[in-house]
Amino acid sequence: MPASSTPSLESGDFFADVTFSDLSIESADLSGKEFERCTFRRCKLPESRWVRSRLEDCVFEGCDLLRMVPEKLALRSVTFKDTRLMGVDWSGLGTMPDVQFEQCDLRYSSFLKLNLRKTRFVGCSAREANFIDVDLAESDFTGTDMPGCTMQGCVLTKTNFARSTNLIFDPKANQVKGTRVGVETAVALAQALGMVVDGYQTP
């Protein structure tokens with residue numbers, strides 16, 4: 001669809017098969033809107049509100065969604081790629097979100113009491129993000145940097161942290177059956193529990 005015929009993001013309520021490119025709207029109120037098969041490219045929508053909106057089969061590429069408000073936002077087959085999502089509180093998402101994160105900035109974000117089974121957090125920056133009482137079973141954190149993350153009360157069954165970096169969490173405070181971690185994380189966990197790993201030298 002040509003840019004000249006792209007409907008107004010703020011005035012419409014339902015959008016299907018629309019590509020939004022290079023928009024710049026601060027604190028946009030996008031509450032109650034529905035998007036199907038839409039693509040957002042290089043859009044700057046910091047502190048935008050998405051209360052009770054619905055996104056289905058949508059992709060965000062290279063966008064700035066700093067401190068967006070996704071309260072009751074329904075996510076169905078949504079992918080965020082190379083998108084700034086710093087400081088977002090995802091805890092109020094709609095039920096059973098289906099979402100993927102690739103090369104995103106998730107620093108200082110909060111995930112509380114969510115079902116995020118099989119979610120991809122690949123190649124992201126997640127410094128000091130909070131994961132509390134989240135079901136992350138079979139999720140993939142390959143290539144994600146996680147210094148200072150809080151992970152408590154989470155289901156980490158078969159979760160893949162094998163190639164994540166700077167991760168440490170209390171295995172006693174989470175369900176860790178079949179959790180995959182790399183050597184450095186395994187050593188850090190052992191050291192945090194007061195053990196000495198014989199023959200291992202900190203890189």
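A salt bridge is taken here as a side-chain nitrogen of Lys or Arg within 4 Å of a carboxyl oxygen of Asp or Glu. By this rule, 1 salt bridge is found across the interface of domain 1 and domain 2. The structure is a predicted model, in which local features need pLDDT of at least 70 and side-chain atom pairs count only at pLDDT 80 or more, while totals for chains, interfaces and linings use all residues. Residues are numbered from 1 along each chain as its sequence is written, and side-chain values use heavy atoms, with hydrogens and water left out.

**Domain interface**

The domain bounds, which come from an automatic or database domain assignment, are listed with the interface values below.

| Item | Value |
|---|---|
| Domain 1 | residues 12-105 |
| Domain 2 | residues 109-192 |
| Distance between C-alpha centres | 24 Å |
| Area buried between domain 1 and domain 2 | about 1300 Å² |

Buried area is the accessible area (1.4 Å probe) that two parts lose on being put together, summed over both. Carbon and sulfur atoms give 50% of the area buried between the domains. Trp90, Ser91 and Phe101 supply 36% of what domain 1 buries against domain 2, more than any other three residues. In terms of contact (heavy atoms within 4.5 Å), 17 residues of domain 1 meet 15 residues of domain 2.

**Strand pairing**

Strands are DSSP runs (E, at least two residues), numbered from the N terminus, and two of them pair if DSSP finds at least two bridges between them. An open sheet of 6 strands runs in the order E2-E4-E6-E8-E9-E11 with parallel pairing. Its edge strands, E2 (19-21) and E11 (121-122), each pair on one side only. Strand E8 (residues 78-81) joins strand E9 (residues 99-102) in the parallel sense over 4 bridges.
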